[in-house]
Amino acid sequence: MATQKLYAGVKLREIRGRLSLTQKAFADKLGVSLPYLNQMENNHRPVSAAVVLALAQEFGLDVTELTVGESERLVSDMREALADPVFTASNPPLADLRLAASNAPALARAFLDLHRAYRQSHERLASLDEALGREDIGLKPSPWEEVRDFFHYCDNYIDAVDRAAEIFAGSGEPKRDVVRLAQDLLRQRGVSLHYETGVPVRHYNPSTRRLVISGQAQDATQRFQLLHQLALITQNDLLEATLDLARFSTPEARDIAKIGLANYFAGATLLPYRAFLQAARETRHDLERLADLFGASIEQVAHRLSTLQRPGAKGIPFFFVRVDQAGTITKRHSATRLQFARFGGACPLWNVHQAFETPGKFLRQFVETPDGVRYLNLAREVSKPAGAFLAPVRRYAIGLGCEIQHAPDLVYSDGLDPRGRFEPIGISCRICERMNCHQRSVPPLERRLRVDPNTRDLLPYEIAD
């Protein structure tokens, strides 16, 4: 497996600032010289194992905070952006991107914002989206993209909202009836609850204080929607304070984010952090058993597993993805080194696409990314019926995975041979380094091509070394 030196200068400076220590005092506590600390804080030297151990012993730091986080996500996003044909010159080496993400994350985010603005402008012009003559055209991210990136760079974990949900859930025992608690609290607020057919999944009228939830929705969906509305009514101050800190650029983005935060509260109430983490470990992350214990859907359980990133009490780092039947990613999050493409779909070699062929069954797969990191990947098709014969059924496939060293902690690893075949997957064809992938859709934009009209192999071109 590929190894990578740990450069965490920004994180070290954040820790020192949080502790209000001078560089000399911090260096003394870590048992290193002042020049050595200065070099680590400026990413001229990697963080040594001795320093990592000292951080854990002296300050109780969860050392996983130093490894996977915003830096890796920025590197992945910059690689994808730099694969755009607009960058005709040679791309910066990966080491330079890592230095930029570590030393100047604000500059890296500004570059990504600029590329996104260029891409939006290009797409608008290409689609003739009334670009000419419109005065309201701006090069801002769409509200949906802005909110997606907010959760992405928060590691999909919102501490204040998560803890508030856990407090509401009380002891957080799996059999604790949080639905009854929610119903009682809404009743105290003068809200009447009704379950009806032929209505939207959820509708609340603030004037009459009447909440209607579809009686045709699945039980897990009904519980989730009830808790979502509870968050909007009883946790509004917390949600608004969180939105104030996020500083979204448009009212639309703020409104979408508020829905996302209410969803987060609902999921964290239905699956309280500590109780869910304990149950996940005891069941070896058996999604079906966890869904039964907490009255949730398999998708809700899988998504929640990927958010267990509370400092000092982290679960297994998972990646989670949801794709539709066209292969478009509709949800994505990763607490692992694997990062998803910001544009386009998932690698076609992932078993998440095959899940549509075997509804109701789990598919297991060992995969390896171009950087040599290996994962256990789990996929399953999920359907969301509307409760009527002629009503449309929404179908998705979800993928959940972790790095191979955590596989023994998952029941899904039983019976699999870790010495077997690892499917060589990528992140996006545009930046994938695989030389002979039979499913490649477009050439890698970081490599030169050799074309011989007299020869045809898997691809009509060869990728130069």
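Which residue in E8 does Phe319 stand opposite? I looked this up before anything else, keeping in mind that the model is predicted, and I found that Phe319 faces Gly401 in E8.

**Entry on the sheet.** I then looked at the two strands around that pair, and I noted that strand E4, residues 318–323, and strand E8, residues 394–403, run antiparallel to each other and are paired over 6 bridges. I reminded myself that strands of a sheet pair through backbone hydrogen bonds, in either a parallel or an antiparallel way. Tracing the sheet across, I wrote down 6 strands in the order E5-E4-E8-E7-E6-E9, with the sheet open and the pairing mixed. Strand E5 (329–334) and strand E9 (423–424) are at the edges and each has a single partner strand, so one side of each has no neighbour in the sheet.

**Entry on the cores.** I looked up the largest nonpolar core, which has 68 residues, and I noted that Leu227, Phe265, Phe276, Leu287, Val301 and Leu305 touch the most other members. Helix H13, residues 251–270, contributes the most to this core, with 9 residues. I picked out Val301 and listed its contacts, leaving aside residues up to four places away in sequence: Leu271, Phe276, Leu287, Leu290, Ala291 and Ala296. Another core of 21 residues lies apart from this one, and its members include Ile329, Phe356, Ala379 and Ala397.

**Entry on the cysteines.** I searched for disulfides and the structure holds 0 of them. For Cys437, the nearest cysteine sulfur is that of Cys347, 6.0 Å away, and a disulfide needs the two sulfur atoms within 2.5 Å. I also checked burial, and Cys437 counts as buried at 14% relative accessibility, whereas Cys154 is partly exposed with a relative accessible area of 28%.

**Entry on helix H8.** In this helix, residues 143–153, I found Glu145, Glu146, Val147, Asp149, Phe150, Phe151 and His152 buried. Just after H8, I noted that Asp155 takes a positive phi of about 65°.

**Entry on two arginines.** Which phi does Arg209 have, positive or negative? I read a positive value of about 55°, although Arg209 is not a glycine. Arg209 sits in the loop between strand E2 (202–205) and strand E3 (210–214), and at 31% relative accessibility Arg209 is partly exposed. I then turned to Arg247, which is likewise not a glycine and has a positive phi of about 55°. Arg247 lies in the loop between helix H12 (236–246) and H13, and at 72% relative accessibility Arg247 counts as exposed.

Key. Residues numbered from 1 in each chain as written. Predicted model: local features only at pLDDT ≥ 70, side-chain atom pairs only at ≥ 80, totals over all residues. Heavy atoms only, no water. Buried < 20%, exposed > 50% of the residue type's maximum accessible area, 1.4 Å probe, protein only. Helix = DSSP H or I, 4+ residues; strand = E, 2+ residues; numbered from the N terminus. Pairing = 2+ DSSP bridges. Core = buried A, V, L, I, M, F, W, Y, C linked by side-chain atoms within 4.5 Å. Contact = heavy atoms within 4.5 Å.
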